[in-house]
Structures are given as structure tokens and as C-alpha cells.
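Biologist: I would like to go through this model feature by feature. Please give the general idea where there is one, and then the case at hand.

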Amino acid sequence: MPASSALKHATFRQLVALHSVARLGSVSGAADEMHLTQPAVSIQISALEESAGTPLLQRTGRGIRLTEAGELLAGYAARILELWREAGDQIAAQRGDFSGTLRVAAVTTAEYLLPPMLVAFASEHPKVKLKLQVGNRDQIVRMLASQEVDLAIMGRPPGELKTVAKPFAKHPMAFLAAPSHPLMASRGLDLSMLRDASILVRERGSGTRMTVERLFKEAGIPLRIGSEMSSNEAIKHMCAAGFGVAFLSLHTCVLELEAGLLALLPLADNPIERDWYVMHLSSQQLPHVAEAFEQFLGEKGQALIHKQLEHSPLRRAVAGKRRPRASPAHAAAKQKSRTVSR
């Protein structure tokens with residue numbers, strides 16, 4: 001086959017099929033995403049292999065994997081499809097039609113606060129479609145790196161990627177226990193007194209896990225983990241049952257605090273506050289929809305959280321820690337100074 005005719009008859013549909021299989025790791029997953037049958041996706045891949053003149057997928061004992069040619073072509077497919085999506089967004093913007101798909105990923109803890117923000121944004125821009133993906137920190141970093149999403153929401157920018165990250169709201173985190181836990185009656189409780197407590201934490205790599213590890217490290221106190229769990233819900237249930245002390249984002253515990261199932265430990269500087277960040281790859285030109293949502297979070301994110309928690313014990317718990325409100329000019333300068341480029 002002459003080199004000039006390679007991929008001459010390839011179609012966008014075939015590139016989408018390869019891109020989906022490469023991302024999801026299976027033909028069945030790609031079929032679900034594309035709303036096709038598995039044989040239909042296989043036909044698209046076979047046609048693309050015929051155009052390329054080489055196999056793109058290889059059967060293994062556990063499923064399929066991309067060949068070397070498949071990996072190469074999948075990379076180009078991702079870039080082509082992203083450019084075509086950007087072109088569509090720019091054409092829509094030229095027409096004055098604010099539409100498109102907002103592709104955003106959030107760490108699991110942020111799923112408790114992000115949906116109302118997405119609803120508020122979508123109500124202002126009814127033609128915008130939403131695509132929200134939720135996962136642990138490592139999964140979100142991978143999605144951002146592979147440009148499966150345009151924006152990511154997490155508690156700390158990833159050091160392994162060059163990103164532009166902007167804080168948009170405060171993130172309270174705390175040590176919690178069941179109201180009947182013996183430590184709730186302790187006087188002068190400090191971090192060192194938690195060494196022998198059964199501390200319940202998220203899996204390694206999660207944002208809250210990294211925060212609690214840093215707290216103990218900075219205090220020079222060894223952290224003894226009681227149990228490690230991959231779910232905020234599991235930690236809350238175990239903690240409410242008196243199994244141990246939890247360290248969690250307070251966004252995840254609003255209902256449990258209201259119901260009296262969980263309570264803040266009487267510990268100095270508990271809860272602590274960190275920031276929520278919205279970020280994108282520094283090398284990526286954001287679609288106008290993602291750019292608008294990033295600006296929306298910066299302008300309204302904290303206010304929307306306050307509205308959510310207006311009558312919640314969570315807001316009362318952190319109210320005493322809130323500093324006096326800065327002037328708009330000072331706040332804008334601070335926001336700019338904390339934008340992170342890595």
C-alpha cells in the first residue's frame with residue numbers, strides 16, 4: 001500500500017470508536033458510550049485497521065489491548081477529535097450561541113458540593129450540556145492529563161502536571177467521632193492524644209488522606225491508621241457506630257452532623273480550612289464553556305456553598321474561623337496571587 005493512501009478512507013466514526021476503546025479498555029465499554037452494539041464497534045475498528053493496513057487491537061486472555069500501531073493512532077485520534085470539538089465550540093461562539101459540553105471531573109469529596117453549582121450554571125446557560133466524572137485523586141489527574149475533561153475540581157493542584165489552578169471556595173476538614181466516643185469528653189485534647197485512637201481514613205492518594213498525613217508529619221507525631229476505606233460513606237457509618245475517629249471533609253457530613261450521629265472532636269484548630277481549586281492544563285486552550293464555568297466558580301462558588309449550608313451546623317462550626325471579609329479589590333488581588341502554574 002503506498003504511504004500516501006494510508007488512512008485515506010478512515011472516518012470520524014472510526015476514530016471515535018478507537019478513541020473510546022483506547023480510553024475504556026474494552027469494546028463493550030465503547031459500545032455503551034457510543035450507543036452502539038459491540039459488533040457495530042468491532043466493524044468500525046476493523047474498517048480502520050483495513051485503512052491503516054495493520055492490526056490496531058490484540059486479543060489477550062483478559063480482553064484486548066492496543067498494538068503499537070493502535071497506541072500511535074489512538075493518540076492522533078484524541079488530538080483530532082479534541083481539535084474538532086474546539087472548532088465546533090468556536091463556530092458556536094461566533095454565532096453568539098453559548099452552547100457546548102462542559103466536561104468537568106471532581107474528586108469524590110467534591111461531589112457533595114459541585115452539583116448545585118452545575119445546576120446554577122446550567123440554569124444561566126440552558127443550551128450547555130454537562131458531563132461530570134467523579135473519581136479519586138489519581139483518576140482525576142489521569143483524566144486531566146489525557147484531556148478527557150477540560151476542568152478538574154480538587155483540594156490541591158497535582159505536582160506532576162503543569163496546571164493553572166485557581167482557588168474558588170474554602171474547604172473545611174475535621175476530626176469527627178460519635179457523640180458517645182470517650183474522646184468527646186476529653187479536656188485539653190490535642191493531636192498527640194489521637195495516636196492511640198483508631199483513625200479512619202480514605203485510601204492512599206486521596207486528598208483528605210494526604211492532608212491528615214501532613215498534619216501529623218508537621219506536628220512530629222506518628223500517624224497510626226486504624227482502618228483505610230475507599231468510600232466516605234463507609235467511613236461515616238463506621239465512625240457513627242463508634243468504631244473510631246474519622247478525618248473527613250465536612251462537606252460530606254452535613255446530614256450526620258444535623259442528625260447528631262457525628263460530632264466535631266473538641267480538638268484545638270478543629271476543623272481546619274483548606275481551599276477548593278478549579279484547574280486546567282496550562283498547555284490547553286479552554287473551550288468557551290469551560291472558561292465561563294471557571295469564571296463562574298471564581299465569582300459565585302463560595303456564595304453558593306454558603307447558601308447550601310445556611311442553616312447547617314457545618315457553617316456554624318466554621319463561622320468562628322472566618323476572617324473579616326476583604327474589600328473586593330483586595331480579594332481580587334489575593335485571588336490572582338494564589339493562581340498556581342505548575
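Predicted model: local features only at pLDDT ≥ 70, side-chain atom pairs only at ≥ 80, totals over all residues.

Biologist: Which residues of α1 are buried?

Modeller: The buried ones are Gln-14, Leu-15, Ala-17, Leu-18, His-19, Ser-20 and Val-21.

Biologist: How should I read backbone geometry outside glycine?

Modeller: Most residues other than glycine have a negative phi, and most peptide bonds are trans. Here, His-35 has a positive phi, near 60°. His-35 sits in the loop between α2 (27-34) and α3 (38-52). Asp-269 also has a positive phi, near 60°, and is placed in the loop between β10 and β11.

Biologist: Are His-35 and Asp-269 buried or exposed?

Modeller: The cut-off for exposed is over 50% relative accessible area. His-35 is at 72%, so it counts as exposed. Asp-269 is exposed because its relative accessible area is 62%.

Biologist: Where is the cis peptide bond that involves Pro-271?

Modeller: It runs from Asn-270 to Pro-271, with omega near 10°. Pro-271 belongs to the loop between β10 (263-264) and β11 (272-281).

Biologist: What is Phe-293 in contact with, leaving aside its neighbours within four places in sequence?

Modeller: Phe-293 is in contact with Leu-102, Leu-114, Met-117, Leu-118, Phe-121 and Leu-151.

Biologist: How many aromatic pairs does the structure hold, and how do I classify one?

Modeller: There are six aromatic pairs. Classification goes by the angle between the ring planes: under 30 degrees is stacked, over 60 is edge-to-face, and the rest are tilted. Phe-121 and Phe-296 are 5.5 Å apart centre to centre with 70° between the planes, an edge-to-face pair. Phe-121 lies in helix α5 and Phe-296 in helix α10, so this pair ties together parts that are 175 residues apart in sequence. Phe-121 is buried, at 0% relative accessible area, and Phe-296 is buried at 5%.

Biologist: What about the rings of Phe-175 and Phe-247?

Modeller: Their planes are at 55° and their centres 4.8 Å apart, so the pair is tilted. Phe-175 is in strand β6 and Phe-247 in strand β9 (residues 245-249), and the pair links these distant parts of the chain, 72 residues apart. Phe-175 is buried with a relative accessible area of 4%, and Phe-247 counts as buried at 2%.

Biologist: Which residues form one aromatic cluster with Phe-293?

Modeller: Phe-121 and Phe-296 form one aromatic cluster with Phe-293.

Key
Residues numbered from 1 in each chain as written. Heavy atoms only, no water. Helix = DSSP H or I, 4+ residues; strand = E, 2+ residues; numbered from the N terminus. Buried < 20%, exposed > 50% of the residue type's maximum accessible area, 1.4 Å probe, protein only. Contact = heavy atoms within 4.5 Å. Phe/Tyr/Trp six-rings, centres within 6.5 Å; stacked < 30°, edge-to-face > 60°.
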